[in-house]
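Colleague: Could you take me through one part of this model in some detail? I'd like to go over a pocket and a couple of residues.

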Amino acid sequence: MPGARVPGVRVVDLTGPRGIRLRAVAPESRLERVRGLLGRDHLDRTEALLLPRTRSIHTVGMRIPIRVAMVDSELVVIATRVVGPTRVVLPRRSVRHIIECAAEIDVRVGDRFEASAR
């Protein structure tokens with residue numbers, strides 16, 4: 001059922017510049033956070049994972065490359081890169097959250113996202 005609440009997960013709509021619109025899952029439980037995007041064979045252009053209070057990630061066990069956007073407390077992109085499977089993204093100063101999305105999404109340093117809960 002679209003828009004239904006799944007225990008341990010909340011959905012956030014992220015809107016960015018240049019028409020970027022992402023439906024981001026923000027895990028609330030430790031299990032959902034650990035699972036992340038593991039086991040996915042692809043991501044749609046509108047799907048994302050928002051990891052609050054996260055400064056670094058790894059892609060061990062991932063099957064696909066992803067774009068990682070490191071954002072500050074105001075959801076302004078500080079750094080972005082495409083990360084392939086079995087890689088580690090080290091923490092950066094001022095990063096407060098991480099957005100993981102499809103590798104082809106055009107997220108740039110300086111972009112500001114607006115978030116609204118579903």
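What volume does the second largest pocket have?

Modeller: Bear in mind that this is a predicted model. The second largest pocket comes out at about 280 Å³. Its lining is made up of 16 residues, and those nearest the centre are Arg33, Val34, Gly36, His58 and Glu100. Sorted by class, the lining holds eight nonpolar residues, five polar and three charged. As for where they come from, helix H1 (30–35), strand S3 (47–52) and strand S4 each put in at least two residues, with H1 giving the most, at three.

Thr59 has a relative accessible area of 0%, so it counts as buried. If you skip the neighbours within four places in sequence, Thr59 touches Ile66, Val83, Gly84, Pro85, Thr86 and Arg87.

Now for Asp13, which belongs to strand S1 (residues 9–15). Asp13 is partly exposed, because its relative accessible area is 23% and the cut-off for buried is under 20%. Again leaving out neighbours within four places in sequence, its contacts are Leu22, Arg23, Glu114, Ala115, Ser116 and Arg118.

Conventions:
Residues numbered from 1 in each chain as written. Predicted model: local features only at pLDDT ≥ 70, side-chain atom pairs only at ≥ 80, totals over all residues. Heavy atoms only, no water. Buried < 20%, exposed > 50% of the residue type's maximum accessible area, 1.4 Å probe, protein only. Contact = heavy atoms within 4.5 Å. 1 Å grid on protein atoms, 1.4 Å probe; cavity = no way out; pocket = protein on both sides within 12 Å on 5 of 7 lines; lining within 4 Å. Points joined across faces, edges and corners; volume = space filled by probe spheres on them. Helix = DSSP H or I, 4+ residues; strand = E, 2+ residues; numbered from the N terminus. Nonpolar A, V, L, I, M, F, W, Y, C, P; charged D, E, K, R; others polar.
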